[in-house]
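Please read this short report alongside the model.

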Amino acid sequence: MTQLIRKSVASALFVLSGTVLAGVSTDTTVELPDLVQEAQHATAAQRVSSLFTRAHYKEIELNDQLSEAIFDRYLKQLDYSRHFFLASDIQTLEKYRDEFDDMLARGRLDHAYKIFELNMQRRLERFEYAITLLDTPFDFEKAGDVFAYDREDAAWPTTVAELNELWRQRVKNDALNLKLNGKAWPEIKELLTKRYQRAIKRLGQTQSEDVFQTAMNAFARSIEAHTSYLSPRGSERFEMEMNLSFEGIGAVLSSEDDFTVVRSIVPGGPAELSNKIKPEDKIVGVAQDDGEFVDVVGWRLDEVVDLIKGPKGTTVRLQLLKHLSDSNAPVEVSLTREKIKLEDRAAKSEVYVPDSGPHQGEKLGIIEIPSFYNNLSEDVKVEIAKLKEQNVKGIIVDLRGNGGGSLNEATLLTGLFIDKGPVVQIRDQAGRLEVKQDVDGVTYYEGPMTVLVDRYSASASEIFAAALQDYGRALIIGENTFGKGTVQQHRQLGRLFDLYENPLGAVQFTIAKFYRINGGSTQHKGVIPDIKFPSAIEPGEWGESQADNALPWDSIPRANYVTVADPVASSLTVQKNFETRIASNPEFAYLRDDIDRYRKEKDDKTLSLVESVRIAEKDERNARALQRANERLARLGLEPIAKLEDAPEALDDIDPFKQEAVNITFDVISTGKYVFQR
């Protein structure tokens, strides 16, 4: 039976910028639907189960052990921060812990629907309670008041009173964020009331497919980190992104605990070109052109995507909570939507000539590769030819932010810098081994080279960097790479003979694993640079190693190849020079200071709910940023600024990692190593 809940919200008068506005009295009827599995879902569940147990790289057996893992992940997806369920709810639901394997085998997910409906009821109760907390303004100077924003591993609350306190902190934090952005209490109350009302309204719009998708993804992610179920609409969006025929900002988004999270950046798109949006950033507001921001916390992912997409040339503004930031204040980013096409990501090169120092006037080539797109190797051939015409002494291949792409192009690109030989080994589920080789016998560039990577360099980027490192063909510099060494396949669940009214969706699952030619996997460990730049993020704190159920690192026998240079002896000299330089480099001093601050604060998962404390923290950050900006301007011979908003574009061009890559490459040239030897 449909549950009928009525919620009346009283009107409020408030004053904003000298104008008296009247809140609109609402009487919203919300229906929590009875959710039942649709006809096609039984077939979809059985096909997914069959596909995963037969064709997944990881050996899978539907048993109670897997059922328990699915149960725990399903609860995590429904209540990531443990703000909805009580411990007594979890105790009641424990009877379903060992039922998921049987449900999947039968194709009947009845118990999953019961758990989901209880979660909807708890969400309704919590959002209703959140609205009542807005009846009285918060005391934003209550000493010692904090909000625990990371409760993933916390105990389930045992009483309603304990749950109420968690929500008091959560709502107060929402309110304080708005206050810190210049909102007065009446407007704060209106905005948050609308936010929680929207959340309630969306509960009534929940569909059977939402339950099925959540349950099937709990199954998929309990197996492996890159295995997932895509609903029919999600599958359609995936195909659109793969074809790169959409107009938008060039970012892949996902949903996590009421937030829309940036999962990856499309190279060459507006998001990447802005240099202000990174993976794991959370989108909390969206505005069109000069319009008002729409609060999107708690929105469905497809609704947020629809809000962000738009015609080419139009402007969208985003409010972001930055990942790995010591601030919880949203950052605003303005982007112009563009047609995202593969050809917009083309590799490009430049000739770098130092205007001072021991290598003044000497030329280096820098090739920036944003992704491994089709025809990349042909484009890079052209760029190499341009650089050789300029008589560059060495080349830097910049793979920072490159999330991968075509495996074939990784092989072909490697082949431009070696004569011939193996590039990567691939092992499938049956243990069969395939070795991708460069066979043309042609080396397009024989001179010294380095490869610049960071923690966002993944997949095909890691194959290329690892191969050149194993051959001794290039010195790898930068941060430890992401560590994704697996191959996925996308497969539709529908069949030509299906007669279901609704489509069945699709799955993406892991079918193989990459291995370096030295036998080691890039999985988990990534590529460890020969020259490591200082980083706040340790290898085990980022990337694949942080993904639940990621496949482990392992190794296979070494491929048959011959190194072209001995990197060990020469890299020791380069390392010593590098350490000497950065010890006196002010940009690296800033970096070391940021690293120390991050490591001291990273284990504190709370935010102060005292306004004066938050303002003081913000003022300290701004003062530090302003001081650094003026020190940089002084080094450039430019006038100081009074506020950060006045910073000239010259500061945007400062790239200490690129500059140090140049210095390292000149050191590599002096060693006479990392060149092709016949």
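**Basis.** This is a predicted model, in which local features need pLDDT of at least 70, side-chain atom pairs count only at pLDDT 80 or more, and totals for chains, interfaces and linings use all residues. Residues are numbered from 1 along each chain as its sequence is written, and side-chain values use heavy atoms, with hydrogens and water left out.

**Overall make-up.** The protein chain holds 18 helices and 25 strands. These are DSSP runs numbered from the N terminus: H or I of at least four residues for helices, E of at least two for strands. The chain has 678 residues, and 50% of them count as buried. Buried means under 20% relative accessible area, exposed means over 50%, and partly exposed lies in between (1.4 Å probe, protein chains only). Take the contacts between residues at least 6 apart in sequence: 75% of them join residues at least 24 apart. A contact means heavy atoms within 4.5 Å.

| Helix | Residues | Number of residues | End-to-end C-alpha distance | Expected span |
|---|---|---|---|---|
| α7 | 185-204 | 20 residues | 29 Å | 28 Å |

For α7 they are close. Helix α6 is mostly covered, with 15 of its 21 residues buried. Gly182 follows α6 and has a positive phi, near 90°. Buried residues of α7 include Trp185, Ile188, Leu192, Tyr196, Ile200 and Leu203.

Asn164 sits in helix α6. Is Asn164 buried or exposed? Its relative accessible area is 18%, so Asn164 counts as buried. Leaving aside residues up to four places away in sequence, Asn164 touches Arg126 and Tyr129. Arg126 is 38 residues from Asn164 along the chain, yet their C-alpha atoms are separated by 8.2 Å.

**A helix pair.** Two packed helices are described by the angle between their axes and the distance between the axes. Helix α13 (residues 407-415) packs on helix α14 (residues 460-471) at an angle of about 25°, with the axes 9 Å apart. That makes the two helices, α13 and α14, roughly parallel. The angle classes are: under 35 degrees roughly parallel, over 145 roughly antiparallel, 65 to 115 roughly perpendicular, and the rest oblique. Axes are lines fitted to C-alpha atoms over the stretch in contact, and angles run from 0 to 180 degrees between N-to-C directions. The crossing of α13 and α14 is right-handed, meaning that the near helix is turned clockwise from the far one by less than a right angle. On the α13 side, Leu407, Ala410, Leu413 and Thr414 make the contacts. They meet Ala460, Ile463, Phe464, Ala467 and Leu468 of α14.

Strands of a sheet pair through backbone hydrogen bonds, either parallel or antiparallel. Here two strands pair if DSSP finds at least two bridges between them. Strand β10 (residues 282-288) is largely enclosed by the rest of the structure, because 5 of its 7 residues are buried. β10 pairs with β9 (residues 259-265) in the antiparallel sense over 2 bridges. In that pairing, Thr260 has Ile283 as its bridge partner. β10 also runs antiparallel to β12 (residues 315-321), joined by 6 bridges. There Gln288 partners Val316. A further antiparallel pairing links β10 to β11 (residues 294-295) over 2 bridges, with Val286 opposite Val294. β10 and β11 form a hairpin with 5 residues between them. Asp289 in the turn has a positive phi of about 50°.

**A mixed sheet.** Six strands form an open sheet in the order β15-β16-β17-β20-β21-β24, with mixed pairing. Its edge strands are β15 (348-352) and β24, each pairing on one side only. Within the sheet, β16 and β17 (residues 395-398) run parallel and are joined by 4 bridges. Gly365 stands opposite Ile395 in β17.

**Two loop asparagines.** Asn375 lies in the loop between β16 (364-368) and α12 (376-389). Its phi is positive, about 80°, although Asn375 is not a glycine. Asn375 is partly exposed at 41% relative accessibility. Asn549 lies in the loop between β24 (531-532) and α15 (567-583). Asn549 has a positive phi of about 60° and is not a glycine. With a relative accessible area of 32%, Asn549 is partly exposed.

Terms used. Expected span 1.5 Å × (residues − 1).
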